[in-house]
Amino acid sequence: MRHRQVLAVATVALFGLSGCADRPNDLDTYYDDPTPTPTVEPVQPSVKPQAAPVSPPSTRAPVPAAVSAALLTDEDVAEEEVVPGESKVSGCLTGLTRGSSRSTAWSYPSGSTLEHQVTEYTDRDASNVVAQADCEGKKLTLTKQSGVEVQRAWCEGTTCTVLLAKGKLVSALSVTAGTEARATDAAKRLLPIVAQRLRSA
């Protein structure tokens with residue numbers, strides 16, 4: 001009887017071991033899944049290239065050729081020994097910007113400033129604009145320039161402004177210096193150049 005029990009236990013043990021014989025006795029892989037799940041790479045979403053942004057069409061009207069032609073250039077004011085500055089339309093010039101306008105400015109080494117503005121009026125003559133201009137300060141008498149229909153000038157404090165009219169164009173020169181005398185002298189020097197530009201426009 002005991003011999004049969006020993007044989008039965010041996011048989012069960014043998015079958016138990018044979019059931020594990022199909023897996024390698026490697027502790028590193030013993031507990032691995034015999035059928036590994038294939039790795040699936042994540043799908044990257046397709047990104048469509050974006051078109052370059054289109055700038056909105058410019059709403060600013062082009063500057064008329066006559067305005068550009070009448071405007072002072074760096075070469076025109078080279079003898080003044082000035083450098084380009086920031087244009088700040090102020091004082092008497094603020095009432096002259098109802099038409100197509102363009103301005104430019106320069107600075108003196110001393111800190112004085114020079115500004116020139118040209119405006120084209122399509123609804124009225126420039127001579128009427130200058131004749132009706134009411135700038136503050138005392139009137140300044142300068143040499144009358146040929147080819148100019150109307151010419152007027154004022155000095156308010158240390159700023160002198162000169163207005164010239166021809167056809168549809170108003171040419172405005174403004175000089176601010178340390179003293180009224182210096183501003184007046186600069187205006188006198190530049191007046192013939194401003195008038196020449198206006199005549200050629």
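This short talk walks through the disulfide, the nonpolar cores and a few residues around them.

First, the ground rules. This is a predicted model, where local features need pLDDT of at least 70, side-chain atom pairs count only at pLDDT 80 or more, and totals for chains, interfaces and linings use all residues. Residues are numbered from 1 along each chain as its sequence is written, and side-chain values use heavy atoms, with hydrogens and water left out.

Start with the disulfide. How many does the structure hold? It holds 1, where a disulfide means two cysteine sulfur atoms within 2.5 Å. Cys155 is joined to Cys160, S to S 2.0 Å. The torsion about that S-S bond is about 100 degrees, so the disulfide is right-handed. Are its two cysteines buried or exposed? Cys155 is buried, at 3% relative accessibility. Cys160 is buried too, at 0%. Buried means under 20% relative accessible area, exposed over 50%, partly exposed in between, with a 1.4 Å probe and protein chains only.

Val175 sits in strand E7, residues 169-176. Helices (H or I, at least four residues) and strands (E, at least two) are DSSP runs, numbered from the N terminus. Val175 is at 1% relative accessibility, so it counts as buried. Setting aside residues up to four places away in sequence, its contacts include Thr113, Leu114, Cys160 and Ala183. Contact means heavy atoms within 4.5 Å.

Now the largest nonpolar core. That term covers buried Ala, Val, Leu, Ile, Met, Phe, Trp, Tyr and Cys residues joined through side-chain atoms within 4.5 Å. This core has 30 residues, and Val77, Leu114, Val162, Leu164 and Leu173 touch the most other members. Elements giving two or more residues include helix H2 (65-70), strand E3 (113-120) and strand E6 (159-166). Which element gives the most? Helix H4 does, with 8 residues. Apart from this core lies another, of 11 residues, among them Trp154 and Ala172.

Back to Leu173. Beyond its neighbours within four places in sequence, Leu173 contacts, among others, Leu72, Cys160, Val162 and Leu190.

Last stop, Ser112. Ser112 is in the loop between strand E2 (100-107) and E3. At 11% relative accessibility, Ser112 counts as buried. Its side chain makes a polar contact with the side chain of Ser110, at 3.2 Å. A polar contact is a pair of N or O atoms within 3.5 Å; within protein, one must be able to donate a hydrogen and the other to accept it, and residues adjacent in sequence count only if both atoms are side-chain atoms.
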